[in-house]
Amino acid sequence: MEKRQDIVLGLIFVGIGIFAAWMATSYKGASGTYPMVLGLVLTLLGATVSIKALRQPTDQPRALVNAPAKLGTAALVSAIYVALVIPLGFYTASFLLVLAMPLALGFRRLVYALTVAAVFMSLIYLVFSVLLEKPLPRELILSLNAVGG
Amino acid sequence: MEFYTNALSHVLSFGPLTAMIGATLLGVFIGALPGLNPVMAIALLLPLTYSMDPLVALAMVAGIYNGSMYGGAIPAILLRIPGTPASIATTFDGFPMADRGEASKALKIACWSSAIGGIASAIALMTMGPMLARVTLFFGPAEYFWIAIFGMASVAVMVGSDPVKGIMAAVLGLLIGTIGIDNLSGQARFTFGQTWLLGGLDLIVVLVGLYALPPVLQLAEKCDLKGLSAAQLKLADVPFKKGEIRGLIPTWLRASGIGIGVGILPGAGGNIAAFLSYNAAKNASDDPSSFGKGNPQGVAAAECGNNADNAASMIPALALGIPGNVVAALVLSALTIHGLQPGPQLFHQNPTLVGGFMMEMLITSVLIFALGGAVATRVFAQFQRLPGVLLVPTILILMCVGVYVINGRAIDLWVMLAAGFAGYFLEKVNFPLAPVILGMILGPMAEQSVRRALLISRGDMTELVTRPISAVLAAVTVLVIVWPLVKMVRRRRKPAEQ
Amino acid sequence: MTLKATFIGLTAAAAMAAPAFAEYPDRTIELTIPAGAGGGTDTSARKLALLLEEKLGTSIAILNVGGGGGSVGASQFMQAKPDGYALFATWNSPLTTVPQVQDVAYSLDSFTPIASTSETAYTLCVKADFPVTTGADFLAELEANPGKYTYGNDGIGGTMQLAAERIFQAKGIDAVAIPFGGAGETLQNFLGGHVDIYGGSISTVLPYVESGEAKCPIVTSAADVPALEGASGLEALGLADKETLLWRAILGPKDMDPAVVEMLANVIDEAVNDPSYVEFLATKGEVPNVVKGDALGARLQSEYDALAEVSKALGL
C-alpha cells in the first residue's frame, strides 16, 4: 500500500516538474530560468521518492481514505454547493448546505439542523452584509420576486 | 517622555478606549475565522476614518491588527485550522497539545505569548522607531534575497519524517509562487490564458483550502451525530508545572527579537516571523524531537513571533513613509486623509496622533491578556459541542465566504476546493503542507530580489555576497542550516562515548 | 430581469428611459478597484465613493481586485452587467499601458468612459549630492554617461517606465531600469542608495525633497508642478509632446445607458470639485481634472496610441 502510493506520488511530481520545465522554455530571458530550474528539481525529487519506494523491502498498510462513502458524500455535496453559490445566491445556497450536508451524512434531527442553520446564517448576514458590507452573490429568490412584482 | 504622556491622556478617553476594547474583540473573531483576515476588516474601516476622530479610527486599526494575530491561534489549536497564514506554525504544537487534553493550556500560552510579543514590539516602536527605520534602508535587493533564503532554511523544521517529500513540498510552493505576471519582465507564467491567474494564486485561497478542508473532510468521515457534552470538551485546566512559565521566558525574548527584526523590514511579514521564531526555538532546545508533538515552547515561539511583527511593521511606515505591508499602507492612507504627510517629519507634525497610535498598539496588546483567553474558551471552544456533522457545513460556509470576498469571484472557490482535496490526500501520504505555503510566501521575494540585485550589479553575481550586510546574512543562513546537523552529530556521538 | 431589459429595448426607448433613470440608483453600487487596498488609487477612490454615496443616496461597496498591474481587475470587471450598478475606479495604466505589454482580454471598447477625476505627474529625483540640479543638466549628465545610472520604477512596462523612456528616447539616453513593486519600494531603495534615481509619484518623495535629502530635476508633465519648485516641466526642456501623466477615472462596462452615464458624470464632477476632495487631492500632489463621456474616450485612445509607439521602440 504505502509502497504503491509513494511510487504514484513520485511519478505525479515528475509529471508536474517536466510539464513546468517544458512550459518555462517558452518564457523570455530570466523569467524562464527560475521556473525551469524549479521544474527540473521537482522532477528529480519526484524520481527520488519513487525510487526510494521501489527499493523499500517492506510494504506497510496505509489507508488513503478511512470512510470512502462519507468522504465521497461530503466531497460531492461541497462541490454542488460551490456550483450553486452563484446561480442561487450565497444565502440560499448556504442555508440549503447546512440542511443538506448533515442529512446526507445521516443526521436525522431536522429541527436541530434548522435551528443551527437559522442562527448561523443570521450571524453571517450580520457580519458580512451589515457590518462589513461585502458584496456576495445575489439571491435568485429576490430577483424572481422583482420580476413577479 | 512628554511626547507619550501627552498622547496617553488623549488615548485614555472614552472614545479611543471603547474602540480599542471593541476592536480587539472583533480582531480576535476575525483572526479566528478561517478566510477572514485583518486586511479586509481594516480596509472596510478606512472610510470611517475620514469622518471620525482619527485616534478612534486608529484605535480600531490597532485592536483589529493585534487581536487578529492572536485570534488565528484559536482554530489552529482547537481544529488544526490556522485562522491566518501567520498561525500555521502554531498548529505544529498547539493541536497535539489540544489532542491530549491540554487545549486550555495551549490557548493560555498562545494568549500570553501574543500579548508579550505585541507589547515588546510596541515598546520597540515607541523607543527606537526612527532609528530602526534608518537601518532598514541598508537592506537592498541583495539583502532581501538572503532574508528569503534564510526563511527558506526554516523549512528544515517542518519537513516531518521524510525530508525528500518536505523539500518537494517547498519546491511545489515556489513553483506555485511563480504563477502570474512576472513583475520584472511582464511575462505571464503558468496562466494558461486565464486572466484571473495573471495576479497569481492568492495565498489565503490556497491556505484555506489546503489547511481547512482536510480537517473538515475528516470530520465528515468521523460522522459524529451527537456532539460533545460540556465535560467531554477537554477544557479542564491543566495546571502549569513548576518552572514551566519561567522556562518560556527565553523563548519569548528570542521570538520578540525575531518578530521585531522581521517586522521592520518592509515586505517581510508576520508569517515569516512565526516560522523563524519556531525554528529558533527548536534549534535552541535541548530536546528538538519533542517539537511537533505538543511542546508548549513551540506555541509560545510562533505566537509571540507573529504578534511581535505587528507594531514593528509600522516603524518604516511612520518614520519613513514606506509601508511594509498592507495594514501599514492602510494606516498611512488614513493619515494622509487627515492632511498628514508620512515621512521623516511625521513625528513632529502631529505628535498626539503618532504617539497616540503607538500607545494604542501597546494598550491593545495588553488587552489581549484580559480578553483573549475568555473569547477562546467561552465562545470558540463551545462550537465544538455541536455535532460534528453540523460543524462540517458551517466551517465550509465560513471558508467559502472568506475566500469569495477576497476578489469577488467564484473561481477562487474552486481553487480552494481543489487545493483542499489535494491537501487531504497529500497529508495521508506523509507529504507536509507547511512548506508549500512557505514556498509561496518566500519564492517571489527570493526570485525578484535576486534578479533586481543582478540588474543593479549588471549581472555580477559576487555582489550578492560582497556587500557587508548580505555577507553577514549569507553566513548566518549557512550557520542555521549547518547548526542542527552539528547538534545531531554530537548527540549521536555522546551515547557512543558512554 | 433580462426579460424586462429586452422589453425596454423593444418599446420606445426614449419614453422608457426616463422612469428607469428616475429610479436609478435604488440599490448598492459595486465599485471595483484594480489595485490592492491602501494604495493611491484605492485611497482616492474610497474617499470619492464617500462623497458619491451622499450625492447618489445609495451605498457603494468597494471590491479590490489587485494583480497583473491592474489587468486582473479590469478583465474581471469587463464581464459586469452595464446596469449602472457596477463601476470601475482605475488609474490610466491598466487601460493604456498594460495592454501594450500583456496579452489582455479587454480593449478600450470593453468599457464605457464616464468621467476622469484627478491627475498628477511622475517625477525623477536624485540624492542631494548628485552633481547636477537643473532639468537640462540632468538630461545632459545621463546622456553623457550611457548605462551608468539606474532608475527605480513601478514595474516593467508600467506607465512610470514608459513616461521616463519617452523622454530618454527623445534625448538618446541609456539608463538602466530597475522595476520595483511600487513607489514605496522604489523610495526605500532610492534612500538606501541601491538605485541612483527615484522614478515614481510626487507625493511619495515630496517629504524628502522638503527635508533637502532629495532633489527632483524633472516632472513628466508639460507644465511645472508648483509643489516641486526646482523641477522643470517638459515644455521648458522642449519636450512638451512627451508629456505622460498619471490620472484616474471612473468607467462602466460596455453599452451603458447614456442617460445614466451623463447623470453619473455630472455627479462625479460635483463630487470631485467638492472643496474637501480638492483639499484631499492637494495633500497627494494631485489636481482635479474632469473629462466626461466621449471626450474621455478620445483621451484614452490618444494616450494608448502614443504609448504604443514607445513600447514598440523599447521592444516590450
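C:Thr117 is buried, with a relative accessible area of 4%. Buried here means under 20% relative accessible area, exposed means over 50%, and partly exposed lies in between (1.4 Å probe, protein chains only). C:Thr117 sits in strand β4 (residues 111-127) of chain C. Helices (H or I, at least four residues) and strands (E, at least two) are DSSP runs, numbered from the N terminus. This is a predicted model, where local features need pLDDT of at least 70, side-chain atom pairs count only at pLDDT 80 or more, and totals for chains, interfaces and linings use all residues. Residues are numbered from 1 along each chain as its sequence is written, chains are lettered from A and ligands numbered from 1 in the order in which they are written, and side-chain values use heavy atoms, with hydrogens and water left out.

What does C:Thr117 touch? Leaving out residues up to four places away in sequence, its contacts include C:Leu48, C:Arg248, C:Ile268 and C:Val290. Contact means heavy atoms within 4.5 Å. C:Ala271 is 154 residues from C:Thr117 in sequence, yet the two C-alpha atoms are 9.2 Å apart in space.

Just after α3(C), C:Gly57 takes a positive phi of about 70°.

Another helix of chain C, α6 (residues 98-101), holds C:Gln100. C:Gln100 is buried, with a relative accessible area of 16%. Its side chain reaches the backbone oxygen of C:Tyr304 at 3.0 Å.

Now turn to the interfaces. Chain C meets chain A through five residues, against six residues of chain A. The area buried between chain C and chain A is about 550 Å², with 58% from carbon and sulfur atoms. Buried area is the accessible area (1.4 Å probe) that two parts lose on being put together, summed over both. The count of salt bridges between chain C and chain A is zero. A salt bridge is a side-chain nitrogen of Lys or Arg within 4 Å of a carboxyl oxygen of Asp or Glu.

Chain B and chain A bury about 5,300 Å² between them, 82% of it on carbon and sulfur atoms. In chain B, B:Met168, B:Glu221 and B:Ile397 lose the most area to chain A, together 12% of what that side buries. The contact takes 56 residues from chain B and 63 residues from chain A.

How many salt bridges cross the interface of chain B and chain A? The rule finds one. B:Lys165 forms a salt bridge with A:Asp6, with the closest N and O atoms 3.0 Å apart. Elements giving two or more residues to the chain B side include α9 (163-177), α10 (203-222) and α17 (388-407) of chain B. α17(B) gives the most, with twelve residues. The chain B side divides into 41 nonpolar, six polar and nine charged residues. Ala, Val, Leu, Ile, Met, Phe, Trp, Tyr, Cys and Pro count as nonpolar, Asp, Glu, Lys and Arg as charged, and the others, Gly among them, as polar.

Notes: Polar contact = N/O pair within 3.5 Å; in protein donor to acceptor, adjacent residues only side chain to side chain.
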